[in-house]
Amino acid sequence: MWAIGGKAHGGLLLVLLARAGLARLNGDGAGNGSAPHEPLAIGAEFLRAPDRGPVELRTEVLKRGRTASVAAVRLLQDDRLMLTATVTAGRLPDEAPRWADLPELPAEPPAEAVDPAGQGLIPAKGLATACDVRVDPATIGFARGEQAPPVIRGWARPLGEDPDVLFALLAGDILPPSVFNVGGSLGWAPTVQLTALLRGHPAPGWLRCESRSVMVAGSWFDEDVTVLDSAGRLVCQARQIALSPLPEDSSR
């Protein structure tokens with residue numbers, strides 16, 4: 001399992017919650033041979049940080065609709081509530097967008113792009129066993145001991161397969177925290193609340209990611225992540241509020 005220190009990776013937990021909600025909505029009561037639900041949005045409250053190990057997932061259908069259905073998901077460990085989420089599901093659009101205002105990001109990482117896990121720039125364990133991540137060296141001033149704007153750009157893809165919509169969700173929390181660029185510790189930056197919107201099925205190839213913070217104040221920072229696929233289409237938007245980096249052995 002991917003982990004930050006001894007704690008499960010937040011993006012991986014988000015995918016786990018989404019899968020559980022979709023399984024419930026696509027299970028008993030889905031009815032009438034309709035197309036399977038696809039994830040449209042997930043909003044998660046990170047109440048506590050789970051350790052690596054078994055967890056229990058409890059799901060409840062809150063609404064079934066023709067356009068959108070909603071499930072609640074609760075993640076427990078040792079009978080203690082750790083995360084809670086709502087998963088909104090329906091059908092992702094296949095049509096080309098009528099309008100979009102998206103960042104300009106190169107379709108593939110350049111030769112000088114950096115592997116953040118391999119160079120110890122993020123304390124994520126197990127990341128390289130499942131996916132390939134690269135970051136634009138021009139956006140990681142913290143790696144050179146410099147302060148810079150809290151904006152980081154990079155690329156991600158799963159190993160041995162094409163990205164799907166759940167990998168696009170994961171990509172919304174896969175880059176080093178943008179707050180690293182404004183100084184302070186480079187440790188664990190615990191997510192407190194994260195909302196992600198899924199906007200389309202990714203095309204094969206690299207996903208392009210840009211994360212940025214609008215304000216870092218006191219113990220808190222925000223982070224917005226935009227994820228584009230290899231065709232330049234928006235596939236995920238993620239926004240979170242998080243705590244500034246803590247030592248790896250800290251807990252909320």
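Guide: Start at Glu-146. Its relative accessibility is 42%, so it counts as partly exposed. That class lies between buried, under 20% relative accessible area, and exposed, over 50%, with a 1.4 Å probe and protein chains only. Its partner is Arg-144: the two form a salt bridge, with 3.4 Å between the closest N and O atoms. A salt bridge here needs a side-chain nitrogen of Lys or Arg within 4 Å of a carboxyl oxygen of Asp or Glu. Arg-144 is also partly exposed, at 44%. Elsewhere, salt bridges with shared partners tie Asp-132, Arg-134 and Arg-157 into one network.

A word on the source. This is a predicted model, in which local features need pLDDT of at least 70 and side-chain atom pairs count only at pLDDT 80 or more, while totals for chains, interfaces and linings use all residues. Residues are numbered from 1 along each chain as its sequence is written, and side-chain values use heavy atoms, with hydrogens and water left out.

Back to charge. The rule gives eight salt bridges. One of them joins Arg-91 to Glu-38, with closest N and O atoms 3.6 Å apart. This pair spans distant parts of the chain: Glu-38 sits in strand β3 (residues 38–46), Arg-91 in the loop between β6 (80–90) and β7 (124–125), and 53 residues separate them. Helices (H or I, at least four residues) and strands (E, at least two) are DSSP runs, numbered from the N terminus. Glu-38 is buried at 12% relative accessibility. Arg-91 is partly exposed at 48%. Another bridge links Glu-56 and Arg-58, whose closest N and O atoms are 2.9 Å apart. Glu-56 has a relative accessible area of 35%, so it is partly exposed. Arg-58 falls in the partly exposed class too, at 37%.

Phe-142 lies in the loop between β8 (131–135) and β9 (151–158), and Phe-180 in the loop between α2 (165–171) and β10 (191–198). The two are 38 residues apart, a link between distant parts of the chain. Both phenylalanines are buried.

The largest nonpolar core holds 49 residues. Such a core is a set of buried Ala, Val, Leu, Ile, Met, Phe, Trp, Tyr and Cys residues joined through side-chain atoms within 4.5 Å. Leu-17, Ile-42, Leu-169, Ala-196 and Val-227 have the most contacts inside the core. Helix α2 supplies the largest share, seven residues. Take Val-227: residues up to four places away aside, its contacts include Ala-168, Ala-171 and Gly-172, along with Leu-207, Leu-234 and Val-235. Contact means heavy atoms within 4.5 Å.

Two further buried positions deserve a look. Ser-211 is in strand β11 (residues 207–212). With 1% relative accessibility, Ser-211 counts as buried. Beyond four places in sequence, Ser-211 touches, among others, Pro-150, Val-151 and Ile-152, Leu-175 and Pro-176, and Glu-223 and Asp-224. Gly-21 belongs to helix α1 (residues 10–25). Its relative accessible area is 0%, so Gly-21 is buried. Outside its sequence neighbours within four places, Gly-21 contacts Thr-59, Ala-71, Val-73 and Val-87. C-alpha to C-alpha, Gly-21 lies 9.6 Å from Arg-74, a residue 53 places away in sequence.

Last, the whole chain. It has two helices and 14 strands. Of its 252 residues, 49% are buried. Among contacts between residues at least 6 apart in sequence, 70% join residues at least 24 apart. The accessible surface is about 12,100 Å², and carbon and sulfur atoms account for 50% of that. These areas use the Shrake-Rupley method with a 1.4 Å probe; for residues, only the protein chains shown count as cover.

The chain averages a pLDDT of 90, with 88% of residues scoring at least 70. Residues 248–252 fall below 50, and the stretch has 16 contacts in the model beyond near neighbours in sequence. pLDDT is the predictor's confidence in each residue, from 0 to 100.
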